[in-house]
Amino acid sequence: MTATLFLQSAVGGILLGGIYGLLAMGLSLSWGLLKLVNLSHFALAFLGAYLTYELGTVHGIPAYLSALLIAPLFFLFGIALHSVFVRFKVKEFASLLVTFGVTILIESLIQWIWSADFLRYETPYAQTTFRIGSIFVPVLDLSAFVCAVLLAGAAWIALNKTMLGKALRAAAHDPSVASAFGINSTRVSYILAGLCSAIAGIAGVFIALIGTLAPSQIESWIGVVFAVAIIGGLGSPAGALAAGMLIGLAESLTMTVVNPAWAPLVAFSVLIVILLRKPVI
């Protein structure tokens, strides 16, 4: 182990945390503010990744334009799915079961259209890096991290500095009191549900650019991102990003210093330690 290798692993882990943060952000907001555990968030992210792959390889549309198409489309899907929750008064535990079914449907759709084979979206920037001293920074990984920081910052400002964000937090804390002050909890919840799905679509764009695609990978992300959402605090976009960086850093250093086989244990080990040490208020 050299200092250069250690720093390279640390940089890679922090950048990986950006993807974790992007995936956990929508889940955290949905779970914390809407009281809905939306497992389909992961399937939507991979559907966004496959759509990015399709638009890029078949139609020649750059990834940034794909994001501009996918985000509003997923926003509408999020609103449609939330309308089902509202219509049938789906609660927290029931939402877990319903969205698990939606996840299976989306995964089957992906496999039917694109097959179960591994796919790779090759772009001119796939192997592009720039150097800081002895450390190499991949351009696409850095782009994903910057996007995660911008979205987390925008979400924090929206939740804490705008009337809509304050209305969302009030409705999440006590819907009856919020309604007494003229806040339409149902209406604002539709907006948040759409935004959570749009964030999933944006995360999918970067998954397509950085990783290898296969429908079976949806389940492999669920455990880690669940841990990130819980560690970061439900309803906290900045917390999701910080937790993603923590888990990504811990996984990367574990793979470098100990053994790559130990990396999957890291997220839940960190989660258990934090829950045990978390003060009871």
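**Entry 1**

I began with Leu36, which is buried at a relative accessible area of 5%. The model I am reading is a predicted one. I located Leu36 in the loop between α1 and α2.

I then listed what Leu36 touches, leaving aside residues up to four places away in sequence. The list holds Ser30, Trp31, His82, Phe85, Val90, Lys91 and Ser95. I also checked Leu36 against Tyr190: the two are 154 residues apart in sequence, and their C-alpha atoms are 12 Å apart in space.

I turned to Lys35, which lies in the loop between α1 (3–34) and α2. Is Lys35 buried, partly exposed or exposed? Its relative accessibility is 39%, so I recorded Lys35 as partly exposed. The phi angle of Lys35 is near 60°, a positive value in a residue other than glycine.

I looked up Ser115 as well, and found that it also has a positive phi, of about 75°, although it is not a glycine. Ser115 sits in the loop between α4 (92–114) and β1 (119–120). Its relative accessible area is 27%, and I therefore noted Ser115 as partly exposed.

**Entry 1. Glu92**

I went on to Glu92, which belongs to helix α4. Glu92 has 37% relative accessibility and so counts as partly exposed. Which residues does Glu92 touch, not counting residues up to four places away in sequence? I found Trp31, Lys35 and Val37.

With Trp31 there is a polar contact: the side chains of Glu92 and Trp31 are joined at 2.8 Å. I also noted a pair separated along the chain, Glu92 and Ala171, which are 79 residues apart and have their C-alpha atoms 15 Å from each other.

**Entry 2. Thr52**

I looked up Thr52 next and placed it in helix α2 (residues 40–57). Thr52 has a relative accessible area of 0%, which means that it is buried, since the cut-off is under 20%. The side chain of Thr52 reaches the backbone oxygen of Gly48 at 2.8 Å.

Setting aside residues up to four places away in sequence, I listed the contacts of Thr52 as Ala63, Ser66, Ile70, Tyr121, Val205 and Ala208.

**Entry 3. Helices α2 and α8**

Two packed helices are described by the angle between their axes and the distance between the axes. I looked up both values for α2 and helix α8 (residues 185–210): the angle is about 50° and the axes are 7 Å apart. That angle makes α2 oblique to α8. The crossing of these two helices is right-handed.

Sorted by class, the contact of α2 with α8 has nine nonpolar, six polar and no charged residues.

**Entry 4. Helices α10 and α11**

I examined helix α10 (residues 237–257) and helix α11 (residues 263–277), which pack at an angle of about 130° with their axes 9 Å apart. That makes α10 oblique to α11. I noted a right-handed crossing for α10 and α11.

Which residues of α10 meet α11? They are Leu246, Ile247, Ala250, Glu251, Thr254 and Met255, and they meet Ala263, Val266, Ala267, Val270 and Ile274 of α11. By class, I recorded nine nonpolar, one polar and one charged residues in the contact of α10 with α11.

**Entry 5. Helices α5 and α6**

Last, I looked at helix α5 (residues 139–161) and helix α6 (residues 163–173), whose axes come within 5 Å and cross at roughly 75°. How are α5 and α6 oriented to each other, roughly parallel or roughly perpendicular? At that angle α5 and α6 are roughly perpendicular, because the range for this class is 65 to 115 degrees.

Ala158, Leu159, Asn160 and Lys161 of α5 meet Met163, Gly165, Lys166, Leu168 and Arg169 of α6. By class, the contact of α5 with α6 has four nonpolar, two polar and three charged residues.

Conventions: Residues are numbered from 1 along each chain as its sequence is written. This is a predicted model: local features need pLDDT of at least 70, side-chain atom pairs count only at pLDDT 80 or more; totals for chains, interfaces and linings use all residues. Side-chain values use heavy atoms; hydrogens and water are left out. Helices (H or I, at least four residues) and strands (E, at least two) are DSSP runs, numbered from the N terminus. Buried means under 20% relative accessible area, exposed over 50%, partly exposed in between (1.4 Å probe, protein chains only). A polar contact is a pair of N or O atoms within 3.5 Å; within protein, one must be able to donate a hydrogen and the other to accept it, and residues adjacent in sequence count only if both atoms are side-chain atoms. Contact means heavy atoms within 4.5 Å. Axes are lines fitted to C-alpha atoms, for helices over the stretch in contact, and angles run from 0 to 180 degrees between N-to-C directions. Angles under 35 degrees count as roughly parallel, over 145 as roughly antiparallel, 65 to 115 as roughly perpendicular and the rest as oblique. A crossing is left-handed if the near helix is turned anticlockwise from the far one by less than a right angle, and right-handed if clockwise. Ala, Val, Leu, Ile, Met, Phe, Trp, Tyr, Cys and Pro count as nonpolar, Asp, Glu, Lys and Arg as charged, and the others, Gly among them, as polar.
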